[in-house]
Amino acid sequence: MRRLKLPVNQNSQSLVTSAATKLRRAVFLDRDGVINRALERESKPYPPRSLDEFEILPGVAAACEKLKRGGYLLVVATNQPDVGRGTMAKELVETIHAEMCRQLPIDRVEVCFHPGQGKSACDCRKPKPGMLLRAARELGIDLKESWMVGDRWRDVDCGHAAGCRTIFIDRGYAEELRQKPHFSAGNLAKAADIILHGPQNR
Ligand SMILES: [Mg+2]
Ligand SMILES: [Zn+2]
């Protein structure tokens, strides 16, 4: 007797439905000053200008592992306007990101290369939420159940704009916050504790 063949192709409607019912949680991570050491000049942070200057901060790998075990996707969202301004090669940024993803369990990297400074309008340069919205759409992320962790006002405001909870890593830069973050923490390890265990267990 011939066996009935089960359909192997799901139609697109059922794919959409299954994605909608299984939204995931994410932690969106700013890069410079959160994952790696930012170079500082006059109390302002700058990105590494070579692979040698890219140094992952102590405790970051362990914090990423914990967040992954806790069921969070890890999505890096970084402004790299020097590329759009023509003062840094895109290839260097991509080399740095390959190394970052080799060392850390990052699920996705979103980069805004646009120059800002009124030279271009884009929907991805933080504080705009475009990078978070795109990752959420493509990975099926529930933004309300997700977090944005960053060390500048642009990160905090971006997290708010996307509807995430926000954690500010205070590096003492000469820069004021604009909106208030939900929480502050000294580093990513402390931020991971807040995300996984609540603010009382910092
Ligand atoms: Mg930063
Ligand atoms: Zn952009």
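**Note on the fold around Val 75**

1. Val 75 touches Ala 26, Phe 28, Leu 29, Asp 107, Arg 108, Glu 110 and Ala 135, leaving aside residues up to four places away in sequence. Contact here requires two C-beta atoms, placed from the backbone, to lie within 7 Å. This is a predicted model, in which local features need pLDDT of at least 70 and side-chain atom pairs count only at pLDDT 80 or more, while totals for chains, interfaces and linings use all residues. Residues are numbered from 1 along each chain as its sequence is written, with chains lettered from A and ligands numbered from 1 in the order in which they are written.

2. Val 75 sits in strand β4 (residues 72–79). It counts as buried because 23 C-beta neighbours fall inside 10 Å. The cut-offs: buried means 20 or more other C-beta atoms within 10 Å of a residue's own, exposed means 12 or fewer, and partly exposed is in between, with C-beta atoms placed from the backbone.

3. The chain holds seven helices and eight strands. These are DSSP runs, numbered from the N terminus: helices are H or I with at least four residues, strands are E with at least two. Of the 202 residues, 34% count as buried. Among contacts with a separation of 6 or more, 60% join residues 24 or more positions apart.

4. Six strands make an open, parallel sheet, ordered β5-β4-β1-β6-β7-β8. β5 and β8 (183–185) stand at the edges with a single partner strand each, so one side of each has no neighbour in the sheet. Pairing takes at least two DSSP bridges between two strands.

5. β6 and β7 (residues 165–169) pair in parallel over four bridges. Trp 147 stands opposite Arg 165 in β7, and Met 148 stands opposite Thr 166. On to β8: β7 pairs with β8 in the parallel sense over three bridges, and Phe 168 has Ser 184 as its bridge partner in β8. Four of the five residues of β7 are buried, so β7 is largely enclosed by the rest of the structure.

6. Now helix α5 (residues 130–139). Its buried residues are Met 131, Leu 132, Ala 135 and Ala 136. They cover an arc of only 130° around the axis, which puts them on the same side of α5. The arc is taken over the directions from the helix axis to the C-beta atoms. Arg 137 and Glu 138, on the other side of α5, are exposed. Cover for the buried residues of α5 includes β1 (25–29), β4, β5 (108–112), β6 (147–150) and α6 (153–162). Gly 140 follows α5, with a positive phi near 70°.

7. Helix α2 (residues 60–69) has Val 60, Ala 63, Cys 64 and Leu 67 buried. Their arc around the axis is only 100°, which puts them on the same side of α2. The face turned away from that buried side carries exposed Ala 62 and Arg 69. What covers the buried residues of α2 includes β1, β4 and α7 (188–197). Just after α2, Gly 71 has a positive phi of about 95°.
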